[in-house]
Structures are given as structure tokens and as C-alpha cells.
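Trainee: I would like to learn how to read salt bridges in a model. Please take me through them.

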Amino acid sequence: VVAIADGGINNKTVWFIENVTVAGRRVVFEYTGELVSDTEIRFKRQAAGTPSPAVQFVARRVDPR
């Protein structure tokens, strides 16, 4: 389990950061998402302070039945 921090919501945009430890080093991931429907948020995740490209993914709400 990883805690999220420093987040917020503004209209259809959500953002937050995730602090993790990878191979003994602290890494901060910055997430930005856009609500595109009642069941879908499109996210981008970027490691703070790195030139690596952002990873894009979609979070979807599923019917619990």
C-alpha cells in the first residue's frame, strides 16, 4: 500500500503525488487525470525530475455485480 499526497480536483481534472522507494531511492510520481465520462479517468504518470516520458493509462469503474 502506498499513500498519496498533495492532491486536488478542479472541475474534470484530478492530480496527486505518490512517494515510493525503489531500490533504496525515493521516487516521486506525479499523476494528472481527466474525467472523460462517469466511469473513466485518463491518467498520465511522470517521475518528478526525470526526462523519462509520461506513462498513460485509463482507470475505469466496473460494475460490482
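**Salt bridges and burial**

Mentor: Glu-40 is buried, at a relative accessible area of 12%; buried means under 20%, exposed over 50%, and partly exposed in between (1.4 Å probe, protein chains only). The model is predicted: local features need pLDDT of at least 70, side-chain atom pairs count only at pLDDT 80 or more, and totals for chains, interfaces and linings use all residues. Residues are numbered from 1 along each chain as its sequence is written, and side-chain values use heavy atoms, leaving out hydrogens and water.

Trainee: What is a salt bridge, and how many does a search of the whole structure find?

Mentor: Side chains of opposite charge can pair when their charged atoms come close. The term requires a side-chain nitrogen of Lys or Arg within 4 Å of a carboxyl oxygen of Asp or Glu. The search of the whole structure finds three.

Trainee: Which side chains meet Glu-40 in a salt bridge?

Mentor: Arg-42 does, at 3.1 Å, N to O. Arg-60 also meets Glu-40, at 3.1 Å, N to O. That pair links distant parts of the chain, 20 residues apart: Arg-60 lies in strand E5 (residues 55–60) and Glu-40 in strand E4 (residues 40–47). Strands here are DSSP runs of at least two residues, numbered from the N terminus.

Trainee: Is Arg-60 buried or exposed?

Mentor: Arg-60 counts as exposed, at 59% relative accessibility.

Trainee: Where does Asp-63 pair?

Mentor: Asp-63 and Arg-65 meet through their side chains in a salt bridge of 2.9 Å, N to O. Asp-63 is partly exposed at 46% relative accessible area, and Arg-65 is exposed at 86%. As for shared partners, salt bridges join Glu-40, Arg-42 and Arg-60 into one network.

Key:
Helices (H or I, at least four residues) and strands (E, at least two) are DSSP runs, numbered from the N terminus.
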